[in-house]
There are 2 protein chains.
Amino acid sequence: MIPRLTDDEIAAVLPGLPGWSLDGDRTGIVRSFKFGTFVEAFGFMTKVALLAEKADHHPEWSNVYNRVEIRLSTHDCGGLSKRDMALAAKIDALLG
Amino acid sequence: MIPRLTDDEIAAVLPGLPGWSLDGDRTGIVRSFKFGTFVEAFGFMTKVALLAEKADHHPEWSNVYNRVEIRLSTHDCGGLSKRDMALAAKIDALLG
């Protein structure tokens, strides 16, 4: 069982992930990405998919043309865990 | 400008795409797909992405683990065009 982060733990980590924000019910973090083209957006998604599969932790996400929306949450604990924060940091690192 | 399909034209084509249904405001068609794993789901998305880019017609879509939801609509005409029906048929053909 993966422990759910407390509000204090979330508050401590989130400033290190400036592009991400808590969703409405505080059970996930979300970030929107905009690229120049669909090819760039889907290329980014492919990199995220490989990171996610390697981490065995998968996003909820959507894409419309050059835009990608990602939500990270941990089903097992019904909220945010360190897995979400770790994946968010890896996704951010893709952006260089 | 790509012409918008009339209701009669939609009604004539849709029975040939049995997995797809009209969305609420009849400006798009939607289909849900379920796979065994994330790898299968994202593998499918990669194939769809290549079809979409080749057709220069891109889906609105989302993925959660082994599930993929696709909506097709034609922004240029504010509704459904033959491009949506053609892409839907190509997506269905991926499923073999």
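The contact between the two chains takes 15 residues from chain B and 15 residues from chain A; contact here means heavy atoms within 4.5 Å. Together the chains bury about 1300 Å², 73% of it on carbon and sulfur atoms. In chain B, Phe38(B), Phe42(B) and Trp61(B) lose the most area to chain A, together 38% of what that side buries. Buried area is the accessible area, with a 1.4 Å probe, that two parts lose on being put together, summed over both.

A word on the model. It is predicted, so local features need pLDDT of at least 70 and side-chain atom pairs pLDDT 80 or more, while totals for chains, interfaces and linings use all residues. Residues are numbered from 1 along each chain, chains are lettered from A in the order written, and side-chain values use heavy atoms, without hydrogens or water.

Now helix H2 of chain B, residues 38-55. Helices are DSSP runs of H or I with at least four residues, strands are E runs of at least two, and both are numbered from the N terminus. At 1.5 Å a residue, the 18 residues of H2(B) should span 26 Å, and the end C-alpha atoms are 25 Å apart, which agrees. That expected span is 1.5 Å times one less than the number of residues.

Which residues of H2(B) are buried? They are Phe38(B), Ala41(B), Phe42(B), Phe44(B), Met45(B), Val48(B), Ala49(B) and Ala52(B). They cover an arc of only 150° around the axis, so they sit on the same side of H2(B). The arc is taken from the directions from the helix axis to the C-beta atoms. On the other side, Leu50(B) and Lys54(B) are exposed. Buried means under 20% relative accessible area, exposed over 50%, partly exposed in between, with a 1.4 Å probe and protein chains only.

What do the buried residues pack against? In chain A, helix H2 and strand E3; in chain B, strands E2, E3 and E4 and helix H3.

Next, the core. The largest nonpolar core has 50 residues, and Ile70(A) and Ile70(B) have the most contacts inside it. Elements giving two or more residues to this core are E2, H2, E4 and H3 of chain A, together with E2, H2, E4 and H3 of chain B. A nonpolar core is a set of buried Ala, Val, Leu, Ile, Met, Phe, Trp, Tyr and Cys residues joined through side-chain atoms within 4.5 Å.

Last, Thr27(B). Its place is in the loop between strands E1 and E2 of chain B. Thr27(B) is buried, with a relative accessible area of 15%.
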